[in-house]
Amino acid sequence: MTDTAMAATALGKRFGRRWGLPRSGEAGTGGGWALRDCTFRLPAGRVCAVVGPNGAGKSTLLALAAGLLAPSEGRVTVLGTDPASARARVGYVAQDKPLYPQLTVAETLLVGADLNPARWNAEAAERIVSAGDLNPKARIRTLSGGQRTRVALALALAKQPELLLLDEPMADLDPLARHELMGTLMSQAAQHGTTIVMSSHVVAELEDSCDHLLLVGGGRVRLAGEIDDLLAAHARVSALSEAADLEPHTVVESRVTGRQLTALLRPAGRLPDDWRPTRPSLEELVLAYLRNPQAAPLTPATSEESAV
Amino acid sequence: MVEYRIDRHSGVATYVQIVQQTKQALRLGLLRPGDKLPTAREVVEATAINPNTVLKAYRELERDGLVEARRGLGTFVRRGLSTAPADSPLRAELDGWAVRARKAGLDHDDVAALFIAVLDTHFADHDQHSQGDPS
Amino acid sequence: MTALATPVAASAPQAGPTRRHLRWLLRLHRPALYAWGALVAVLVLVLLALWGPLLDSSAAAWRDYNASCAPGSEHCRYDQNAIIRYRDVYTYTTFTMNALPFLVAAWSGAALVGRELENGTARLAWTLGLSPTRWLAVKLTVPAVLIAAGTSLLVLLHRLAWEASQGRVDTAKSWYDDPTLHANGPTAVALALAGLAAGALAGLLIRRTLPALLLGLGLAFGLYLLAGLALPHLWPTVSNVTGLDTGYAYEGIEVDSGLVTSSGAHIDDPGCGTTTTDGCAELYTKLDATGFYVDYHPESHYWPLQLTTTALLLAVTVAVTAAAFVLLRRSTATSHGRREAAV
């Protein structure tokens with residue numbers, strides 16, 4: 001189990017009760033299921049992108065993994081145990097980067113040290129904060145969104161987590177800080193083998209940093225797996241429309257322009273050379289699935305089924 | 001020491017860029033046998049790319065026999081890459097060919113396209129690296 | 001609320017988790033701590049004044065009044081201001097002490113719990129390493145200790161000040177005067193603790209600062225009413241029967257009253273008055289009434305009533321606290337109750 005950082009089995013979360021709505025507004029599916037039938041396995045040491053449109057259930061998934069929400073059905077395990085037992089070894093940064101507004105930056109770091117003394121790395125926290133040129137005496141409520149993100153990341157990283165869950169971590173950052181903090185995250189992963197799971201609705205932001213993908217849409221997992229494997233399992237083809245028979249293949253998206261048929265599909269066998277198959281980019285793949293909600297999902301569960 | 005510059009829009013897979021830039025540094029003599037490559041941590045901190053990408057590139061270089069990983073110490077250059085010296089017969093032949101091409105009325109771009117086409121025919125296995133290239 | 005008893009981890013070199021969690025809480029709520037300290041200090045000073053100089057000058061004024069202002073006397077001289085000052089200060093202080101549970105409930109609902117859930121800092125604490133259960137336990141235990149200590153001190157001083165006034169200040173409040181009753185004994189402490197728990201439950205229920213403040217206030221007010229309504233019925237009353245010509249005679253908290261018939265039955269009092277009033281004797285004959293009865297609590301019941309009401313309030317406080325913990329554990333993942341937490 002130790003090589004699995006995070007796994008979900010038929011995981012679901014329903015918001016319906018009046019008081020139970022999360023602040024992030026992720027219950028976009030209308031008071032019903034924010035997440036449903038979610039099954040995947042994330043090996044340890046990966047940097048996983050959780051992508052999907054706003055309201056797709058990304059935040060709910062991360063909050064479930066962090067033990068902040070109890071699942072309505074199914075189960076999720078992190079670091080080989082249940083989320084509540086793993087809390088000390090998991091770092092989490094929520095989308096709105098909550099911090100105590102009345103405290104100063106320095107006091108906020110002291111809070112982090114007091115709440116998790118066993119794993120706290122004060123030096124790391126101070127390095128991240130000082131890289132942002134933050135006055136330690138500044139009150140949190142006076143900080144900009146990007147500065148708050150920096151402090152929130154410092155808190156999560158100084159905890160030296162084995163699993164780091166980041167909900168839209170880069171949204172508030174300028175390009176320079178984004179690059180620098182992403183570098184810090186990658187360095188953490190390289191040095192400690194930290195598994196990082198980060199959500200975003202901007203795929204390009206994650207393309208270079210992530211090696212694993214979880215595509216969530218409409219509260220369900222649409223794609224899950226190593227990015228290389230997922231890209232290799234798909235092909236972009238273009239062929240003469242009357243001659244092409246897409247039948248045996250799983251078509252994600254197809255379009256006919258004049259006599260030309262272009263499609264993104266999962267080949268069931270060898271593709272004819274004159275279809276000129278090419279490997280899609282990550283962004284093309286994600287967009288194709290998001291544009292076509294009816295496309296069959298590709299997750300470890302479905303590939304196991306088809307392998308039988 | 002080399003510093004990698006990752007161009008996200010080049011269309012070349014990230015790990016291939018690292019392999020190519022390392023080889024370039026070896027050819028230019030920026031890296032010599034015994035030199036240490038930057039650690040994965042140093043590379044990803046500077047470039048914000050995934051650590052596994054760096055490790056994949058280093059494994060590729062190791063397979064080519066250019067570098068070796070020493071446990072706990074880092075990755076070190078084993079041998080340099082010599083480019084053909086300026087006065088070699090190959091260079092002279094190419095020189096003569098270029099003069100003839102110019103006389104035949106080919107311009108710079110024509111010659112480059114021709115050259116790459118021939119390269120691709122004769123060094124097809126080299127093309128493997130670029131498979132991740134979506135373009 | 002027993003979570004503070006967790007043994008100090010051997011790995012923590014300078015401070016155990018208890019001290020660290022205490023430091024975290026005080027860092028967050030320092031203004032509230034200072035405000036509470038200042039409020040208690042001011043009330044202590046006022047109560048000391050009420051017990052000492054203010055009481056002395058008022059008692060002296062009453063002595064002068066009684067000595068010089070008998071009907072027909074010509075030189076009625078006394079310090080009326082001293083009497084009014086004492087009465088006003090006593091009234092406001094007693095009122096403030098009665099308001100403490102509401103203050104506590106409002107703070108607990110809004111600042112202690114509601115705001116943290118609203119702006120997500122509760123989740124921050126949970127992911128930094130404080131489990132939700134421990135988070136709530138620390139949040140309730142520390143204020144509970146401070147509130148219990150503060151209100152106990154105030155109640156003690158109020159009681160001493162009030163006792164000293166008996167027989168010396170003619171308009172001193174009786175033991176059963178409602179605000180005095182709730183400022184004079186342990187029910188005040190229990191009500192403040194109930195307010196803390198009620199606020200926390202409100203905060204967990206609503207997860208918004210302002211609505212939680214209002215619900216906390218509402219719940220505390222409900223508990224205050226409950227305590228007032230329940231108190232007279234938590235101990236057997238004493239019954240006093242008097243003749244139809246004397247009327248009701250009792251000193252204390254009345255629970256029931258009316259007429260006694262010749263058979264000993266209790267019937268409603270038509271409200272006529274004693275037989276000295278015209279027509280009442282005939283009415284009573286018609287009703288077969290032989291006297292007035294009143295079921296009440298004399299002063300000797302003061303401690304039984306205080307203690308039973310306190311016990312009731314503490315039981316409700318424990319129930320409300322338990323409800324808050326259950327609510328929290330149902331909404332967050334817990335290592336033990338995961339299965340039961342699933343909806």
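Predicted model: local features only at pLDDT ≥ 70, side-chain atom pairs only at ≥ 80, totals over all residues.
1. In chain C, 4 strands make up an open sheet whose order is 1-4-2-3, with antiparallel pairing. Strand 1 and strand 3 (266-267) of chain C are the edge strands, each of them pairing on one side only.

2. Strand 1 of chain C is joined to strand 4 (residues 289-297) of chain C by 6 bridges, and the two run antiparallel. Within strand 4 of chain C, C:Val294 is the residue that stands opposite C:Asn240.

3. C:Tyr248 belongs to the loop that links strand 1 (238-243) and strand 2 (253-261) of chain C. Once its neighbours within four places in sequence are left aside, C:Tyr248 is in contact with C:Thr242, C:Ser257, C:Phe292 and C:Val294.

4. Is C:Tyr248 buried, exposed or partly exposed? C:Tyr248 has 15 other C-beta atoms within 10 Å, and is therefore classed as partly exposed. As for its distance from another part of the chain, the C-alpha atoms of C:Tyr248 and C:Ala200 are separated by 46 Å, the two residues being 48 apart along the chain.

5. Between the chains, 34 residues of chain A are in contact with 32 residues of chain C. On the side of chain A that touches chain C, helix 2 (83-86) and helix 3 (105-115) of chain A each supply at least two residues, and the largest share, 5 residues, comes from helix 3 of chain A. By residue class, this side of chain A divides into 20 nonpolar, 6 polar and 8 charged residues.

Note on methods
Residues numbered from 1 in each chain as written. Chains lettered and ligands numbered in written order. Buried ≥ 20, exposed ≤ 12 C-beta atoms within 10 Å, placed from the backbone. Contact = placed C-beta atoms within 7 Å. Nonpolar A, V, L, I, M, F, W, Y, C, P; charged D, E, K, R; others polar. Pairing = 2+ DSSP bridges.
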